[in-house]
Amino acid sequence: LSLSRLWRRAVIRMNGEKFRRFVKAPPRNYSVVIMFTALQPQRQCGVCKQADEEYQILANSWRYSTAFTNKVFFATVDFDEGSDVFQMLNMNSAPSFIHFPAKGKPKKSDSYELQVRGFAAEQLARWVGDRTDVQIRVIRPPNYAGPLMLGFLLAVIGGLAYLRRNNLEFLYNKNVWAFSALCFCLIMTSGQMWNHIRGPPYAHKNPTTGQVSYIHGSSQAQFVAETHIVLFFNSAVTMGMVLLHEAATSDMDIGKRKIMCVAGIGLVMLFFSWLLSIFRAKYHGYPYSFLLS
């Protein structure tokens with residue numbers, strides 16, 4: 001199979017033989033960006049599927065661009081189709097992205113920092129631009145899910161307001177606004193905005209060992225699952241503080257207030273300890289802990 005036929009595809013699927021022929025064998029007058037992945041169902045790599053979708057968007061944006069040239073090609077190597085390539089490059093994780101320049105061997109900067117930058121097509125395009133000077137304008141297929149959900153939410157809110165048009169006192173309820181503000185703060189402090197900007201993977205699964213990591217080991221990056229965990233822990237600590245406040249200020253009988261006090265202390269101590277444990281796991285050498293080491 002000649003390269004002239006292969007380049008017609010947005011993403012070229014490579015095995016060991018094609019990799020050695022079109023990537024390793026010099027000379028070349030083109031660069032190749034390869035995603036090393038594990039898409040077979042038995043690998044159960046959900047992150048690989050998400051990354052592949054973004055990679056396909058990037059490759060199609062380049063392949064069908066008016067600026068398309070033969071300077072850069074995009075390819076994939078699946079673990080089950082090219083395990084020898086993984087062994088050749090001493091790779092033990094997927095997905096991974098490597099740029100193979102036209103001249104010379106890949107440098108450290110030719111390996112994409114997936115855990116730091118995420119696998120969003122826009123982030124990959126910036127990295128490709130840095131490595132090849134080829135600027136790719138990412139074009140995404142239309143996605144109407146967001147506008148439809150927003151329209152549905154506004155319609156529900158408008159309908160409820162219309163049904164209760166003669167009694168809108170709930171709009172002046174301090175508890176409703178306090179709860180809404182608290183939810184917003186918890187969402188923002190858990191890192192959801194970082195997820196939206198960087199597009200990190202939900203978790204990381206080692207294709208060799210099958211071990212799944214939900215907490216990123218670096219302080220410079222995070223997984224989506226990690227933000228959900230932090231959101232839950234922060235919510236539990238907040239609930240504990242609310243229970244303590246109610247136990248101290250409510251007019252309930254002393255027995256119920258004691259129960260609320262004990263529950264509040266338990267929530268704060270347990271989940272704050274877990275939060276510190278996560279912090280220690282990401283900031284190695286952090287000397288403090290609480291309850292849990």
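# Close-up views of a predicted protein model

Of the 293 residues of the protein, 37% count as buried, where buried means under 20% relative accessible area, exposed means over 50%, and partly exposed lies in between (1.4 Å probe, protein chains only). This is a predicted model, in which local features need pLDDT of at least 70 and side-chain atom pairs count only at pLDDT 80 or more, while totals for chains, interfaces and linings use all residues. Residues are numbered from 1 along each chain as its sequence is written, and side-chain values use heavy atoms, with hydrogens and water left out.

**View 1. Overall form of the protein.** The protein has 11 helices and six strands; helices (H or I, at least four residues) and strands (E, at least two) are DSSP runs, numbered from the N terminus. Its radius of gyration is 25 Å, well over the 19 Å that the globule rule gives for 293 residues, so the protein is more spread out than a compact globule. The radius is taken over C-alpha atoms, and the globule rule is 2.2 Å times the number of residues to the power 0.38. Along the principal axes, the C-alpha atoms fill a box of roughly 85 × 50 × 35 Å. Among contacts between residues at least 6 apart in sequence, 64% join residues at least 24 apart, a contact being heavy atoms within 4.5 Å.

**View 2. Surface and charges.** The accessible surface of the protein comes to about 17,900 Å², and 61% of this area belongs to carbon and sulfur atoms. Accessible areas come from the Shrake-Rupley method with a 1.4 Å probe; for residues, only the protein chains shown count as cover. There are 32 positive and 18 negative side chains, and the centres of the two sets lie 6 Å apart. Lys and Arg count as positive and Asp and Glu as negative, while His and the chain ends are not counted. Each charge is placed at NZ of Lys, CZ of Arg, CG of Asp or CD of Glu.

View 3. A disulfide is a covalent bond between the sulfur atoms of two cysteines. Here a disulfide is counted for a pair of cysteine sulfur atoms within 2.5 Å, and by this rule the count comes to one. The sulfur atoms of cysteine 45 and cysteine 48 are 2.2 Å apart. The link is right-handed, with 70 degrees about the S-S bond. Both cysteine 45 and cysteine 48 are buried. Cysteine 183 is in no disulfide, and the nearest cysteine sulfur, that of cysteine 185, is 9.4 Å away. Cysteine 183 is partly exposed, at 29% relative accessibility. Cysteine 261 is also partly exposed, with a relative accessible area of 30%.

**View 4. Isoleucine 34 in strand S2.** Strand S2 covers residues 31-37 and holds isoleucine 34. Because its relative accessibility is 0%, isoleucine 34 counts as buried. Leaving aside residues up to four places away in sequence, isoleucine 34 touches a set of residues including Met14, Phe19, Val23, Tyr55, Val77, Phe97 and Phe100.

**View 5. The loop between helix H4 and strand S4.** This loop runs between H4 (83-88) and S4 (96-100) and contains proline 95. A cis peptide bond joins alanine 94 and proline 95, with omega about 0 degrees. Asparagine 90 is found in the loop between H4 and S4. Phi of asparagine 90 is near 55 degrees, a positive value in a residue other than glycine. Asparagine 90 is exposed, at 70% relative accessibility.

**View 6. Aspartate 133 between two helices.** Aspartate 133 lies in the loop between helix H6 (121-132) and helix H7 (145-163). Although not a glycine, aspartate 133 has a positive phi of about 65 degrees. The residue counts as exposed because its relative accessibility is 62%.

View 7. Isoleucine 12 is in strand S1 (residues 12-14) and is buried, with a relative accessible area of 2%. Its C-alpha atom is separated by 52 Å from that of phenylalanine 290, 278 residues apart along the chain. Leucine 291 lies in the segment after helix H11 (254-282) and is exposed, with a relative accessible area of 58%. Not counting residues up to four places away in sequence, leucine 291 touches Met269, Leu270 and Ser273. Leucine 291 and arginine 165 are 51 Å apart in space, C-alpha to C-alpha, and 126 residues apart in sequence.
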